[in-house]
Amino acid sequence: MGPFSWKDAPRPLVALAPMAGVTDASYRQFIKGIAPETIVYTEFLSTDAIHYGAKRTMQMLHFDVDRERPFIVQIFGKDADHFLSAAKIIEELGADGIDINMGCPAAKVVSSCHGSALIQKPELAQELVYATKKAVSIPVSVKTRLGWNTSETLIPFCKKLVEAGADAFAIHGRTYHQKFSGAADWEPIYELKRQISVPVIGNGDIHTAEDAVKKIGNLDGVMVGRGTFGNPWVMREICDALQRATYNERTSSHEYTAISFTEKVPFILQHCELAVRLKGEGRGMREMRKHLSSYIKGFPGAAELRAKLVKVEKLEEVRQLLRV
Ligand SMILES: Cc1cc2nc3c(=O)[nH]c(=O)nc-3n(C[C@H](O)[C@H](O)[C@H](O)COP(=O)(O)O)c2cc1C
């Protein structure tokens with residue numbers, strides 16, 4: 001297999017959205033086990049921290065070469081020199097691509113001119129893409145939002161980044177101002193795809209395979225984040241539905257049989273085992289609590305079970321609690 005390229009990767013592209021505190025190695029590997037064709041990204045990682053070799057961030061760059069390809073490292077920052085050195089380190093570690101975060105709306109991130117703040121600083125954004133491209137031969141993509149408070153700037157902004165060398169885009173269909181409110185608007189994303197030559201992935205509010213088929217339109221692919229919470233199986237359904245839709249017709253509908261709780265249990269345990277193997281039992285299980293809570297949503301007796309699952313310290317406790 002040759003080096004990963006956004007242009008040549010099999011269509012339609014299906015990506016797991018980068019999510020801080022969620023898409024660690026265990027979550028990525030778990031999702032890849034369910035839908036191996038998924039493109040996975042790390043949580044956003046600071047270029048300053050990578051530049052200075054901060055231990056925790058360097059650990060977050062570790063990935064399993066056999067289970068996580070194509071593996072994209074998402075970075076953020078504002079210092080072009082640090083983008084350059086961080087990018088070289090990422091390439092040496094064997095990643096398949098680098099993605100630059102220009103969409104995070106968190107106050108702490110934006111006030112220090114990272115993430116979404118770059119939408120208002122197109123020259124700096126361009127410089128960061130250029131510095132990263134200069135440093136590496138792997139592809140450099142950008143994940144951003146529709147704009148700051150309007151989607152009118154999306155196309156000129158992305159065109160500038162293409163000039164600097166951006167190889168692909170993932171666009172979350174909300175503005176910075178919207179944060180996570182309202183419904184994601186995909187229309188400006190379709191228009192962007194009509195006007196630029198590089199691949200475009202749409203993102204925002206995909207919760208079912210039907211959503212993915214309805215929303216993909218003229219795009220190269222879709223990216224799914226919160227829709228996987230408690231329901232990682234949706235990635236399998238999305239990949240299958242988009243394949244079917246490509247070869248048949250995009251409107252074809254298909255009934256999915258919901259997976260029963262008993263069928264889910266071995267998967268849930270598998271996710272726990274990955275977390276324990278990769279982070280140790282104490283930290284691994286603490287970080288699993290939020291996932292466990294999502295997995296049992298809607299099941300009879302969930303409230304009672306959740307109260308116990310959010311306190312688990314050991315994998316064995318989960319095995320006991322989920323014995324159905
Ligand atoms: C908990 C959480 C953490 C996130 N962290 C990141 C991040 O590190 N980098 C990023 O580009 N977007 C991040 N996002 C945004 C998602 O990648 C995605 O754009 C957004 O959730 C919309 O997609 P969805 O409706 O499929 O969830 C995060 C979202 C959530 C909910």
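The following dialogue explains how several terms are applied to one predicted model.

Colleague: What rules apply to the numbering and to the predicted model?

Modeller: Residues are counted from 1 along each chain as its sequence is written. In this predicted model, local features need pLDDT of at least 70 and side-chain atom pairs count only at pLDDT 80 or more, while totals for chains, interfaces and linings use all residues.

Colleague: Why is K160 called partly exposed?

Modeller: A residue is buried if 20 or more other C-beta atoms lie within 10 Å of its own, exposed if 12 or fewer, and partly exposed in between, with C-beta atoms placed from the backbone. K160 has 15 C-beta neighbours inside 10 Å, and therefore counts as partly exposed.

Colleague: Where is K160 placed, and which residues does K160 touch?

Modeller: K160 belongs to helix 7. Helices (H or I, at least four residues) and strands (E, at least two) are DSSP runs, numbered from the N terminus. Two residues are in contact if their C-beta atoms, placed from the backbone, lie within 7 Å. Leaving aside residues up to four places away in sequence, K160 touches P122 and Q126.

Colleague: Why is strand 7 described as largely enclosed by the rest of the structure?

Modeller: Strand 7 (residues 168–172) has 5 of its 5 residues buried, so it is largely enclosed by the rest of the structure. Both faces are covered: A168, A170 and H172 lie on one side, F169 and I171 on the other, and all are buried.

Colleague: How do you know that strand 6 and strand 7 pair?

Modeller: Two strands pair if DSSP finds at least two bridges between them. Strand 6 and strand 7 have 5 bridges and run in the parallel sense; T144 stands opposite I171 in strand 7. Strand 7 is also joined to strand 8 (residues 200–203) by 4 bridges, again in parallel, and the bridge partner of H172 in strand 8 is N203.

Colleague: What makes a crossover right-handed, and which helix lies between strand 7 and strand 8?

Modeller: A crossover is right-handed if, with the strands pointing away from the viewer, the path from the first strand over the helix to the second runs clockwise. The chain passes from strand 7 through helix 8 (residues 187–195) to strand 8 in a right-handed β-α-β crossover. Strand 6, helix 7 (residues 154–164) and strand 7 also make a right-handed β-α-β unit.

Colleague: What makes strand 5 mostly covered, and with which strands is strand 5 paired?

Modeller: In strand 5 (residues 97–102), 6 of its 6 residues are buried. G97, D99 and N101 point one way, and I98, I100 and M102 the other way. Strand 4 (residues 71–76) pairs with strand 5 in the parallel sense over 4 bridges, and I75 has I100 as its bridge partner in strand 5. Strand 6 (residues 140–145) runs parallel to strand 5 and is joined to it by 5 bridges; there, T144 is the bridge partner of M102.

Colleague: How do you know where the domains lie, and how many residues of each are in contact?

Modeller: Domain bounds come from an automatic or database domain assignment. This divides the chain into domain 1 (13–247) and domain 2 (261–321). Their C-alpha centres lie 28 Å apart, and 6 residues of domain 1 are in contact with 8 residues of domain 2.
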